[in-house]
Amino acid sequence: MTDTYETKAPDCRIDGFEAATERIEEGFFSVTISDDMFVPLGEHHSADGRDSYLLFYDRAAIWDAPGTAEYIAFHLTRDVEQRTFAFEYERAPVVPLAQNWLTRRGCPTEAAVPTSNHGPRPADALTSRQEDLLRSNPGGRYEVIDHHTDNPGSFDFGAEVRTLVHDSHPASAHAPYRLFLEETAKDFRSYTVREGTFTSLEAADAWAMDRDAPLPMAPAPENVHRALAARTRTPLAGTARLAVPPTPVTAPRPALLSVPRSGRGAR
């Protein structure tokens with residue numbers, strides 16, 4: 001089982017393959033230039049050798065632009081006849097969104113489960129339910145607008161991730177902007193996820209900046225026990241994350257030019 005601090009290059013299985021185009025080659029080099037700072041969380045390779053799905057925690061993200069997401073999901077595709085490969089990737093603020101990205105690209109649901117079980121655990125049933133919603137994104141109801149990760153990399157403070165989404169579900173029409181707030185305890189043993197509701201982007205931004213009032217919570221689920229029962233039947237239930245913050249490094253990594261940046265919003 002992977003140690004929390006263990007990093008290794010991605011197992012992309014491209015020995016003997018060439019990038020399908022020069023642009024793909026340049027992009028792949030740009031994204032993986034600091035892959036010695038990647039902590040492998042999970043991987044799946046198709047039986048026919050054409051697809052690989054990889055999930056990593058990027059220990060060097062704390063040295064990137066403020067708010068940079070710390071998880072990276074890869075999907076590699078290979079032309080086994082031509083011996084070429086292509087790839088796409090996503091930098092995600094939380095594990096459930098990375099899992100959703102992988103499964104939407106064909107990764108089997110059960111294979112998207114992180115295999116590292118060192119991580120903090122959901123502190124309560126509501127946290128697990130909120131993660132299930134982000135992971136499954138039923139009906140494509142959530143569109144991520146912005147996100148911000150605040151991880152001091154120290155046991156003196158916990159970590160916080162804010163993910164701002166637009167909720168297209170009819171029941172959310174009165175307050176369609178949702179802020180998923182993930183807060184990890186400073187001992188990194190547990191974390192909570194709460195969903196705040198806002199009528200506008202400006203209202204969500206104002207709350208994130210000022211924090212002078214409690215998070216305006218979404219209505220409590222009518223039957224949390226039913227949600228928990230459903231979770232026990234899925235292999236995604238209770239997946240773990242990193243147990244401790246990344247060990248501070250001594251120098252920033254080179255900029256990854258193709259990594260999408262957070263724009264406006266949940267600061």
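User: How many bridges join strand β4 to β5, and in which sense do the two run?

Analyst: This is a predicted model, in which local features need pLDDT of at least 70 and side-chain atom pairs count only at pLDDT 80 or more, while totals for chains, interfaces and linings use all residues. Residues are numbered from 1 along each chain as its sequence is written, and side-chain values use heavy atoms, with hydrogens and water left out. Strand β4 (residues 71-79) is joined to β5 by nine bridges, and the two run antiparallel. Strands here are DSSP runs of E with at least two residues, and helices are runs of H or I with at least four, numbered from the N terminus. Two strands pair if DSSP finds at least two bridges between them, so nine bridges make β4 and β5 a pair. One of the bridge partners is Phe 87 in β5, which faces Leu 76.

User: What makes β1 and β5 a pair?

Analyst: Strand β1 (residues 18-19) and strand β5 (residues 84-92) share two bridges in the parallel sense, and because the definition asks for at least two, they pair. Within this pairing, Ala 19 stands opposite Phe 85.

User: Why is Phe 188 called buried?

Analyst: Buried means under 20% relative accessible area, exposed means over 50%, and partly exposed lies in between (1.4 Å probe, protein chains only). Phe 188 has a relative accessibility of 6%, so it counts as buried. This residue is in the loop between β9 (177-184) and β10 (190-198), and it has a positive phi of about 55° although it is not a glycine.

User: Is Asn 137 buried or exposed?

Analyst: Asn 137 has a relative accessible area of 15%, and therefore it is buried. It is found in the loop between α3 (125-136) and β7 (142-150), with a positive phi of about 40° although it is not a glycine.

User: How many disulfides does a search of the whole structure find?

Analyst: The search finds zero disulfides, a disulfide being a pair of cysteine sulfur atoms within 2.5 Å. Cys 12, at a relative accessible area of 5%, is buried, and Cys 107, at 4%, is buried as well.

User: Which residues have the most contacts inside the largest nonpolar core?

Analyst: They are Leu 55 and Leu 102, in a core of 25 residues. A nonpolar core is a set of buried Ala, Val, Leu, Ile, Met, Phe, Trp, Tyr and Cys residues joined through side-chain atoms within 4.5 Å. The largest share of this core, five residues, comes from α2.
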